[in-house]
Amino acid sequence: MSVVFSACNQKPAEESRQDDFNFLVEQFADLKIMRYKVPEFENLTLKQKELVYYLSQAALAGRDILFDQNYKYNLAVRRTLENIVEHYPGDRESEDFRNFMVYTKRVWFSNGIHHHYSKDKFFPAVSREYFEKLIRETAGGSFPMREGQSPDEFISEIMPVIFDPAVAPKAVSQEAGKDLLLNSACNFYEGVTEKEAEEFYKKLKSDAVKQGADTLLSFGLNSKLVKRDGVVTEEVYRLGGLYSKAIEKIVFWLQKAAGVAENDLQKAVIESLIRYYETGDLKVWDEYNVLWVQDLDSHIDFVNGFIENYGDPLGLKATWESVVNFKDLEATKRAQLISENAQWFEDHSPVEARFRKKEVKGVSAKVITAAQLGGDCYPATPIGINLPNADWIRKEHGSKSVTIENITYAYDQASLGNGMIEEFAGSDEEIALAKAYGSLASNLHTDLHECLGHGSGQLLPGTVGDELKNYGSPLEEARADLFALYYIADPKLMELGLYDNEGVYKAEYNSYIRNGLMTQLTRIEPGKTIEQAHMRCRQLIAAWSYELGKESNVIEKVVKENKTYVKVNDHPALRKIFGEMLAEIQRIKSEGDYEAGRNLIEKYAVQVDQELHREVLERFSKLNIAPYGGFINPVFVPVTENGKIVDVKVEYPDNYTGQMMDYSKNQSFLPTYN
Ligand code: ZN
């Protein structure tokens, strides 16, 4: 519901910001690996450094959980690959072995065998025979065999998982008309149909109503739903439950962190998270979130838990993730200015009055420096976070909204001069606008999306928030994006001193439309439709506004020398259209109008113009840019004297394979099959 991924990785950086740190480390398949810096870490107090160190360890300890959540064979595949990486004695310079390594790196990147973004299974570019030879000739180490399994049995179990296109083709299926659970490889349900799962949670909720219990809990968030002997039941992620071995380690490091908390509130936050991991009780999870939202003064903050539900086709179950961070004080001033005026923005929003919040509460905003990424935030990471996800907590206690500026900075730096903007922008003027204002415009967009967009609006009485089902995520993102797009052009922003040239909002409109109608297609394989929520959101907005403005030529498709460009002709008119769209999407959310939401998504956000797609891919391939990026983490090294930590140093490794192998050796706590 609330993670903002980089709109696309072609944002131009200002020349003046060029930095001599090596941000781009390597590139393979459709991925690039970068590094990020942690400025100001040296200036933290010793206690704060220790806190970052302990939280970082807690951020790494849950990595195995995510692998297993994504697909039940992911840990088996990863361990098979790693045993070969470590112990294969044969030729490592051959093309085959290099291709094997590319596959291995992709599995690490995606936390499994399905593409992290498209959720499609990907395959090694080597033959089955070669792969089998690697397994058979690897000496030493051990493969993740089941008890009593012979090498032949192991090979015949693991090979189809890796090579057979019919086995687990999609991690998350959103294909309308098919059973979403039976067609998804993700490991949140076992032997349970979509209907059974829906009935299970419907009953859970109605039981809660009957018993007068808490009905606002995020039912199903932290469990696997399984059918055993005909009975559907939940296996909860907790100490002593599912994923216990990894949770033990997370709790161990959180306890250390609680010991050096900056203040009592932060200590209480960490302790309630520990209680949640111990019990798996969703009531404690809510208590933790309420405390966490209130902790605004601590310099250091973190996310750690089962949080986002993009990995579950039903949008109930959350994948494990963590981000450790501290405040970027300078940049926070910009975001605060926006959130201090939240009520003004809400009151003037183009949505119907009854769908607006009378009182916008605690939309706290800050810009942060990420210090460590874990689970579903590693290596691919969001550039903004807005939590918690529970609607009732957001409404009653507010939410925390952050922009991760050292990550966007690293993206900018790594993509300097990659030629993307020159290829796809339709005029010199558009290129100049993008170069001059692109960076500021996209930071402002993220601030508005996170600080205001997600927190705006209200549900009508009787609407709970899950009515939109699998269309809920893209519609929610569209609502936040439209709020940002509408207001980035508002004179209020100039009045507040956030920018002083209309070129800023025009640059944002140009790049949003260009991305939504064209350049984001670089992330889609030929013949495929769009499934990812943020991508659906962006195409929905771009394609729908194109159609709404067609008569007056607000957005124009231009063909020059056989190349297609999309050109925004009338920026003020486009703003008006964004306002109308925002009003409609807010209505859909407030009323829980599933039909209307589905129609919009299916009409505008899913299908791809095949011819345009071919053209975009062809032009893009000539630029040789990886469409997705992820990051190597910095390493925090405690310096000890007589067993006491006296300092923590930060190091910036630049070996992706090295970091992955290190994590698998030192941060891996789960059995192969859970
Ligand atoms: Zn969002």
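Reader: Before we start, what should I know about the model?

Author: It's a predicted model, in which local features need pLDDT of at least 70 and side-chain atom pairs count only at pLDDT 80 or more, while totals for chains, interfaces and linings use all residues. Residues are numbered from 1 along each chain as its sequence is written, and side-chain values use heavy atoms, with hydrogens and water left out.

Reader: Okay, the metal. Which residues coordinate the zinc ion?

Author: Donors are N, O and S atoms within 2.8 Å of the metal (3.2 Å for Na, K and Ca); water is not among the atoms, so sites may look incomplete. Here the zinc ion is held by His 449 (NE2), His 454 (NE2) and Glu 477 (OE), at 2.0 to 2.2 Å. Along the chain, the donors follow the spacing H-x4-H-x22-E. His 449 belongs to helix H16 (residues 428–453) and Glu 477 to helix H17 (residues 472–488), so this pair ties together parts that are 28 residues apart in sequence. Helices (H or I, at least four residues) and strands (E, at least two) are DSSP runs, numbered from the N terminus.

Reader: Are His 449 and Glu 477 buried or exposed?

Author: Buried means under 20% relative accessible area, exposed over 50%, and partly exposed in between (1.4 Å probe, protein chains only). Both His 449 and Glu 477 are buried. Helix H14 (residues 405–414) is mostly covered too, with 10 of its 10 residues buried; among them are Glu 405, Tyr 409 and Asp 412.

Reader: How do I read the sheet with E2, E3 and E14, and what is its pairing?

Author: Two strands pair if DSSP finds at least two bridges between them. In this case 3 strands form an open sheet, ordered E2-E3-E14, with mixed pairing. Strand E2 (24–28) and strand E14 (628–632) are at the edges with a single partner strand each, so one side of each has no neighbour in the sheet. E2 and strand E3 (residues 31–35) pair in the antiparallel sense over 4 bridges, and Glu 26 has Ile 33 in E3 as its bridge partner.

Reader: What about phi of Asn 111 and Asn 642?

Author: Asn 111 has a positive phi, near 50 degrees, and Asn 642 has a positive one of about 50 degrees. Asn 111 is buried, with a relative accessible area of 4%, whereas Asn 642 counts as exposed at 83% relative accessibility. Asn 642 lies in the loop between strand E15 (635–641) and strand E16 (644–651).
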